[in-house]
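Here is a brief report on side-chain contacts and strand pairing. It begins with charged groups, then turns to rings and a sheet.

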Amino acid sequence: FGQTFEIENIDFGYLPETGTYNAIIDIPAEIEVLESDAILVYRLEINDGIETWSLIPQNFFLEQGTIQYVYNHTATDVELIIDGNFDLSTLSPDFTQDQVFRFVVVPSDFATTSGVDVSNYEAVMSALDIQESEIPQLDLK
């Protein structure tokens, strides 16, 4: 019904032609994604030693301006993008290097009609009955 995987150590590359950062994540072969499936993407944040997962799109309001993590996907990959309203070539590596994301593949109707708050990672995992120990963790480095 639902599948998930985690990718660690994601480094975004700067694209001067668009002024954005991106990272292309290939969906692991053991994860089956149908063209009609939705993929929910969550970014790991650690605040005061506590791990939390935030659904993207996600905005950050910085001194230089605003950045936003966004994404798009096909049945074989996910493109993660950092966009903003200032010169992102000056963006801190805290936002672009060694990032951790979880990808949750669900049937499209789950994302729209299940009644589950998809912005709440724990609620999604509970509704899908997926345990932390079942999440494949892949490292890009």
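Salt bridges link Glu6, Arg102 and Glu132 into a network. A salt bridge here is a side-chain nitrogen of Lys or Arg within 4 Å of a carboxyl oxygen of Asp or Glu. The whole structure holds two of them. Arg102 pairs with Glu6, and their closest N and O atoms are 2.6 Å apart. Arg102 sits in strand β9 (residues 99–107) and Glu6 in strand β1 (residues 3–10), so this contact ties together parts 96 residues apart in sequence. Helices (H or I, at least four residues) and strands (E, at least two) are DSSP runs, numbered from the N terminus.

Arg102 also meets Glu132 in a salt bridge, at 2.9 Å from N to O. Glu132 belongs to the loop between α3 (121–128) and β10 (137–139), while Arg102 is in strand β9, so the pair joins parts that are 30 residues apart in sequence.

How accessible is Glu132? Its relative accessible area is 45%, which makes Glu132 partly exposed. Buried means under 20% relative accessible area, exposed over 50%, and partly exposed in between (1.4 Å probe, protein chains only). Arg102 counts as buried, and Glu6 counts as buried too.

| Residue | Relative accessibility |
|---|---|
| Arg102 | 3% |
| Glu6 | 4% |
| Phe5 | 1% |
| Phe103 | 0% |
| Phe60 | 17% |
| Tyr69 | 0% |

The model is predicted: local features need pLDDT of at least 70, side-chain atom pairs count only at pLDDT 80 or more, and totals for chains, interfaces and linings use all residues. Residues are numbered from 1 along each chain as its sequence is written, and side-chain values use heavy atoms, with hydrogens and water left out.

pLDDT is the predictor's confidence in each residue, from 0 to 100. The chain averages 92, and 98% of the residues score at least 70. Confidence is highest in strand β8 (residues 77–84), at 98, and lowest in helix α2 (residues 108–113), at a mean of 76.

Now the rings. The structure contains 10 aromatic pairs. Rings of Phe, Tyr and Trp (its six-membered ring) pair if their centres lie within 6.5 Å; planes under 30 degrees apart count as stacked, over 60 as edge-to-face and the rest as tilted. Phe5 and Phe103 have ring centres 4.9 Å apart and planes at 15°, so they are stacked. Phe5 lies in strand β1 and Phe103 in strand β9, so this pair ties together parts 98 residues apart in sequence. Phe5 is buried, as is Phe103.

Phe60 and Tyr69 form an edge-to-face pair, with 6.0 Å between centres and 75° between planes. Phe60 is buried, and Tyr69 is buried. Ring pairs join Phe5, Phe12, Phe60, Tyr69, Phe95, Phe101 and Phe103 into a cluster.

In which order do the five strands of the open sheet run? The order is β2-β3-β8-β7-β6, with antiparallel pairing. Two strands pair if DSSP finds at least two bridges between them. The edge strands, β2 (13–15) and β6 (58–61), each pair on one side only. Direction ignored, neighbouring strands of this sheet are turned by 25° against each other on average. Such axes are lines fitted to C-alpha atoms, for helices over the stretch in contact, and angles run from 0 to 180 degrees between N-to-C directions.

Four bridges connect β6 with strand β7 (residues 66–73) in the antiparallel sense. Gln58 stands opposite Tyr69 in β7.
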